[in-house]
Amino acid sequence: HAKTGEYGVIAREKDYEWFLGGINGEVARTLDIRFDFLTPGIKYSVRIYSDDPAVETRSRVKIDNIKVDINTVVPIQLAANNGFAMHIKPVK
């Protein structure tokens, strides 16, 4: 996902693990993150880090853990000027 001046999502892979990062501009939006780039037939564990003012920690970062495969679509809600990160690794 990307639209110049509005939002962007980038993915990188190293040693069978993926790292996704996204940043949003001035308008709140929802992005559907698809995992069809992953290896078919393998389940993955995903840790999602996102900005959340309701989280009562100093960083205000919410951490969610989910399982995905190539058919999974996860809607990520982004407030204005916020972002998210994901660490994706195969389930052993």
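Start by selecting β7 (73-78): with 4 residues, β7 gives the most to the lining of the largest pocket. Keep in mind that you're looking at a predicted model.

Colour the lining by type and you'll get 5 nonpolar, 4 polar and 4 charged residues. The space inside comes to about 230 Å³.

Stay on S50 for a moment and look across: opposite S50 stands F84 in β8. Select β8 as residues 83-90 and you'll see it pair with β5 in the antiparallel sense, over 7 bridges.

Which strands form it, and in what order? Follow β1-β2-β3-β8-β5-β6, 6 strands in an open sheet with antiparallel pairing. At the edges stand β1 (2-3) and β6, each with a single partner strand, so one side of each has no neighbour in the sheet.

Last stop: two loops. Most residues other than glycine have a negative phi. Click Y16, in the loop between β2 (7-14) and β3 (17-24); its phi is positive, near 70°. Y16 counts as exposed, because its relative accessibility is 66% and the cut-off is over 50%. Then go to R60, in the loop between β5 and β6. R60 isn't a glycine either, yet has a positive phi of about 60°, and at 38% relative accessibility R60 counts as partly exposed.

Key. Residues are numbered from 1 along each chain as its sequence is written. This is a predicted model: local features need pLDDT of at least 70, side-chain atom pairs count only at pLDDT 80 or more; totals for chains, interfaces and linings use all residues. Side-chain values use heavy atoms; hydrogens and water are left out. On a 1 Å grid over the protein atoms alone, a cavity is a set of points where a 1.4 Å probe fits but cannot get out, and a pocket is an open set with protein on both sides within 12 Å along at least five of seven lines; lining residues have an atom within 4 Å of a point. Grid points are joined across faces, edges and corners, and a volume is the space filled by probe spheres set on the points. Ala, Val, Leu, Ile, Met, Phe, Trp, Tyr, Cys and Pro count as nonpolar, Asp, Glu, Lys and Arg as charged, and the others, Gly among them, as polar. Two strands pair if DSSP finds at least two bridges between them. Buried means under 20% relative accessible area, exposed over 50%, partly exposed in between (1.4 Å probe, protein chains only).
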